Amino acid sequence: MKQDRRVEKTERSFLDAYVRLARGQTGKKITVAALCREANMNRGTFYLHYQDCDDFLDAMEHRITKEIDEVIDRYHRSRFDVSTTEALERLFTYFLDNAEVVFTVLERKGGSSVSIFPSSGHAEMIHTWQKESDLSSEQLALLFAYVADGTVALLRQWWRSGFAVEKERVKELFDGIVKYGLYNYIYTV
């Protein structure tokens, strides 16, 4: 079921307000009152949708995870018929367009990649890899954690650098590391 545009607009107003407030408040908890004031909304509207700030942030984390899952799922569902380049373009464009929101919301809990990559996608990816590999599911889970955490770290560093490296170059580096390993980049003569 599609979400009502008014609800979507309200969510977005609160989310944008949260990001603005979080920029200037390191380590301080953002209150419902401050959030409502910044969003130019009343507290009744906030409480119509959320129980408290933690509930709001959980809902925003769920929203972000769902959006990322949709980007990844298009690639995964196609059984990799969509090119890696196309899938990376979608993923990196999403992060370029939404990085401040993604990391501001997710970093409240330390920015775990588990928050970004839903467990359903995790299980599905490992199942697909099992068909192509002799590795155990435990070994594949370790590889997934490595790739997922590395992806989040790469994207976070890219964001923190102010996107100092062009998107195309970041995609090439990421794609090359996933396909050929770090050795290919570090120890070339």
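Of the 38 residues in the largest nonpolar core, which touch the most other members?

**Close-up 1. Confidence across the predicted model.** This is a predicted model, in which local features need pLDDT of at least 70, side-chain atom pairs count only at pLDDT 80 or more, and totals for chains, interfaces and linings use all residues. Residues are numbered from 1 along each chain as its sequence is written, and side-chain values use heavy atoms, leaving out hydrogens and water. The predictor's confidence in each residue is its pLDDT, from 0 to 100. The protein has a mean pLDDT of 79, and 79% of its residues reach 70 or more. Confidence is highest in helix 2, at 94, and lowest in helix 6 (residues 113-116), at a mean of 50. Helices are DSSP runs (H or I, at least four residues), numbered from the N terminus.

**Close-up 2. The largest nonpolar core.** F14, L35, F46, F56, F92 and F95 touch the most other members of this 38-residue core. At least two residues each come from helix 1 (5-24), helix 2, helix 4 (53-77), helix 5 (84-106), helix 8 and helix 9. Helix 5 gives the largest share, 11 residues. A nonpolar core is a set of buried Ala, Val, Leu, Ile, Met, Phe, Trp, Tyr and Cys residues joined through side-chain atoms within 4.5 Å. Buried means under 20% relative accessible area, exposed over 50%, and partly exposed in between (1.4 Å probe, protein chains only).

Close-up 3. Neighbours within four places in sequence are left aside here. F14 is in contact (heavy atoms within 4.5 Å) with L35, C36, A39, M41, T45, F46, Y50 and F56. A second, separate core has five residues, among them M125, I126, L140 and F144.

Close-up 4. Most residues other than glycine have a negative phi. N40 is not a glycine, yet its phi is positive, about 60°. N40 sits in the loop between helix 2 (32-39) and helix 3 (43-49). N40 counts as exposed because its relative accessibility is 70%. F163, also not a glycine, has a positive phi of about 60°. The loop between helix 8 (137-160) and helix 9 (167-180) holds F163. F163 has 27% relative accessibility, so F163 counts as partly exposed.
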